[in-house]
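Please read the points below beside the sequence and the model.

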Amino acid sequence: MKKWLVLSLLCACGVLGAAEVSYSVNVSVLNVRSAPNTTSEVLARMRRGQIVQVLATSGDWHEIKPPEGIEKRCYIAKSMVVAVPAPKKVDNKSGPEKEDAPLNAADVLKRMNAKLVKESVTVRGRLFQLGKDDALPGISFAILKTVEDKYVIDCFVAGEGAAFAKMIDKDVVLVGESYEAPDWKKPIVRVKSLKIQEAK
């Protein structure tokens with residue numbers, strides 16, 4: 001009880017952030033520690049390009065969502081990761097939210113007033129799953145590319161499929177139709193095919 005009370009007070013004072021934010025590891029090896037200092041226990045190690053969810057920030061350290069299998073609180077050095085930009089959400093001004101069936105990619109693109117730019121494009125990069133607060137029905141993934149040793153969003157992916165889950169954080173080849181939508185700085189590609197890149 002005391003732990004949660006302290007955490008709530010820290011959030012209220014602006015020391016810690018309340019929302020999860022996605023970050024990409026920007027160094028070859030990143031130590032995940034049990035406390036926000038360089039002498040604490042190393043609980044895990046992460047590689048460049050892996051995505052972490054930051055729960056809170058204090059000073060030079062991020063508290064992150066623990067990797068699978070770890071039940072302790074986890075911390076990483078803030079300078080070792082870069083934020084993954086989130087898409088701008090589409091305003092739905094049609095009235096109160098309803099418990100409707102999920103929209104498919106075509107419906108989402110239509111609602112976004114997206115325009116077809118190219119009928120066929122091929123995009124290579126790392127498949128990244130957007131956080132729940134950032135995703136839209138039918139657009140839950142993005143392709144990341146490396147720019148000056150940092151991961152940035154190359155395009156958003158319009159399409160849903162169980163197969164996508166098996167390719168998260170893997171280098172993939174995406175083939176599809178390229179769209180542009182108002183307020184979206186990156187193209188949106190409606191999937192025709194998606195597969196893991198073959199090792200060279």
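Which strands make up the closed barrel, and with what pairing?

1. The closed barrel has five strands in the order β8-β9-β10-β12-β11, and its pairing is mixed; from one strand to the next the twist averages 45°. Strands here are DSSP runs of E of at least two residues, helices are runs of H or I of at least four residues, and both are numbered from the N terminus, while two strands count as paired if DSSP finds at least two bridges between them. The angles lie between N-to-C directions, on a scale from 0 to 180 degrees, of axes fitted to C-alpha atoms, for helices over the stretch in contact.

2. On provenance, this is a predicted model, in which local features need pLDDT of at least 70 and side-chain atom pairs count only at pLDDT 80 or more, whereas totals for chains, interfaces and linings use all residues. Residues are numbered from 1 along each chain as its sequence is written, and side-chain values use heavy atoms, with hydrogens and water left out.

3. A search of the whole structure finds one aromatic pair. The ring centres of Phe-156 and Trp-184 are 4.9 Å apart and the planes stand at 80°, so the pair is edge-to-face (rings of Phe, Tyr and Trp, the last by its six-membered ring, pair with centres within 6.5 Å; planes under 30 degrees apart are stacked, over 60 edge-to-face, the rest tilted). Because Phe-156 lies in strand β10 (residues 150-158) and Trp-184 in the loop between β11 (171-180) and β12 (188-196), the pair ties together parts that are 28 residues apart in sequence.

4. Phe-156 is buried, at a relative accessible area of 4%, and Trp-184 is buried at 10% (buried means under 20%, exposed over 50%, partly exposed in between, with a 1.4 Å probe and protein chains only).

5. Gln-53, in strand β4 (residues 51-58), counts as buried at 19% relative accessibility. The side chain of Gln-53 makes a polar contact with that of Ser-22 at 3.1 Å (N or O atoms within 3.5 Å; within protein, one must be able to donate a hydrogen and the other to accept it, and residues adjacent in sequence count only if both atoms are side-chain atoms).
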